[in-house]
Amino acid sequence: MVRLRLLVGTSKGGFILTSDAARKQWEIQGPLFEGWEVYHLQASPSSPDRMWASLWTAWYGNVIQQSRDGGQTWQAAGNAFELEPPLHAYKALGGATQAWRFRRVWKLAPAPPDPYGPDALLAGAEDAAIFRSADGGQTWQELPGLRQHPTHEHWEPGAGGLCLHTLLIDPSNPRRLFAAISAAGAFRSDDGGQTWRPINRGLRSIHTPDPEPEAGYCVHCLAVHPARPHVLFMQKHPGVYRSDDAGESWRNVSEGLPSSFGFPIAVHAHEPDTVYVIPMKDDERHFPIDGALKVWRSRDGGGTWEPLARGLPGRHFYGNVLRGAMAVDRLDPCGVYFGTTTGELYASRDGGESWEALASHLPRILSVEAQMVGTV
């Protein structure tokens with residue numbers, strides 16, 4: 001029997017929603033970790049009841065928790081994240097220099113044992129750094145090649161901090177990793193994370209003297225279809241972009257959207273050319289145009305776009321959808337999910353044609369993951 005779980009991280013705890021393949025009735029578990037900011041809830045693809053949570057509070061800092069029973073009980077994992085020298089400085093907001101330090105984990109990504117270890121997990125952190133665990137989160141080692149890249153002096157924090165928020169692993173070549181940092185840009189490793197290089201050619205910067213620097217871009221999110229890992233989609237600040245050569249070059253595909261500013265981007269589970277974004281008015285007013293919440297879909301890889309709004313609020317909606325708060329499932333038809341900063345969790349069982357609210361009045365939603373339990 002197939003079951004679906006939605007793993008939802010919020011500013012005041014985590015929630016797990018569970019349904020069968022019909023996706024019509026949902027059970028809600030939570031809040032887990034009451035009062036903690038849950039930046040990311042993630043599950044193992046090979047052991048469905050194995051889960052991890054990245055938590056943060058101002059009192060205790062970052063804590064990784066793990067579960068082996070589908071989120072029923074949790075225990076602390078290893079939490080020693082040590083940055084390896086040299087500890088460079090970077091430009092803080094306002095132009096001052098800021099000492100590099102570990103703050104919190106934004107992204108957890110299960111990784112294949114070859115080459116990452118028998119029970120491997122990757123973590124993207126703030127300040128921008130990447131860590132690897134070969135034992136399911138008990139111990140962590142930095143992969144320092146990214147943080148020590150020569151372009152680091154051009155990295156600056158976005159409004160959310162200097163965060164490594166996106167980690168993608170090429171399923172056809174597990175040694176190839178993609179990372180996105182706000183505000184440094186997109187980077188690729190072809191040797192399992194030991195060395196990295198910027199992949200930003202074709203992007204444009206509106207906040208730097210040089211409009212096309214090697215690094216220093218505010219990339220909000222990356223998405224890829226596992227059957228076509230050389231094709232990447234990006235939501236940038238601003239602009240939606242596409243790469244057909246694993247990030248070697250990018251082209252802007254924002255034409256037809258009401259705004260090029262937004263945070264999340266996702267690709268349909270069965271249609272590699274079907275892409276979803278949620279445009280916001282602009283980079284100052286993080287709410288939809290005219291207060292009408294709409295998901296925009298392209299079925300030709302960014303060539304044309306259409307609004308999807310049936311079941312979504314058509315007026316007086318002034319929330320945002322954050323970069324990690326959109327996901328798709330692998331059922332047929334494909335399910336699409338997103339959470340808002342005003343606490344609504346929306347779902348579509350038909351690829352975006354219609355929407356319904358699965359939950360309302362949750363805390364600010366930070367992340368959403370869709371997990372399949374059982375064989376599709």
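**Contacts and rings**

Reply: Happy to; keep in mind that this is a predicted model. Leaving out residues up to four places away in sequence, Gln65 touches Phe33, Met51, Trp52, Ala53, Leu55, Trp74, Gln75, Ala76 and Ala77.

Me: Where does Gln65 lie, and is Gln65 buried or exposed?

Reply: Gln65 lies in strand S6. Its relative accessible area is 15%, so Gln65 counts as buried, the cut-off being under 20%.

Me: And what does the side chain of Gln65 reach?

Reply: The backbone nitrogen of Gln75, at 3.3 Å.

Me: OK, rings now. How many aromatic pairs are there in the whole structure?

Reply: A search finds 15. One of them is Trp36 with Tyr60, which is stacked, with 5.8 Å centre to centre and 15 degrees between the planes.

Me: Which parts of the chain does that pair link?

Reply: Distant ones, 24 residues apart: Trp36 is in the loop between strands S3 and S4, and Tyr60 is in the loop between strands S5 and S6. Tyr60 has 65% relative accessibility, so Tyr60 counts as exposed.

Me: Why is the pair of Phe81 and Phe131 edge-to-face?

Reply: Because the ring planes are at 90 degrees, with the centres 5.1 Å apart; over 60 degrees counts as edge-to-face. Phe81, in the loop between strands S7 and S8, and Phe131, in strand S12, are 50 residues apart. Both are buried.

Me: Which cluster are they in?

Reply: Ring pairs link Phe81 and Phe131 with Phe102 and Trp140.

Me: Last one: what lies over the face of Trp56?

Reply: Arg104, at 4.1 Å from the ring centre.

Definitions and conventions:
Residues are numbered from 1 along each chain as its sequence is written. This is a predicted model: local features need pLDDT of at least 70, side-chain atom pairs count only at pLDDT 80 or more; totals for chains, interfaces and linings use all residues. Side-chain values use heavy atoms; hydrogens and water are left out. Rings of Phe, Tyr and Trp (its six-membered ring) pair if their centres lie within 6.5 Å; planes under 30 degrees apart count as stacked, over 60 as edge-to-face and the rest as tilted. Helices (H or I, at least four residues) and strands (E, at least two) are DSSP runs, numbered from the N terminus. Buried means under 20% relative accessible area, exposed over 50%, partly exposed in between (1.4 Å probe, protein chains only). A charge sits over a ring if NZ of Lys or CZ of Arg is within 6 Å of the ring centre and within 35 degrees of the ring normal. A polar contact is a pair of N or O atoms within 3.5 Å; within protein, one must be able to donate a hydrogen and the other to accept it, and residues adjacent in sequence count only if both atoms are side-chain atoms. Contact means heavy atoms within 4.5 Å.
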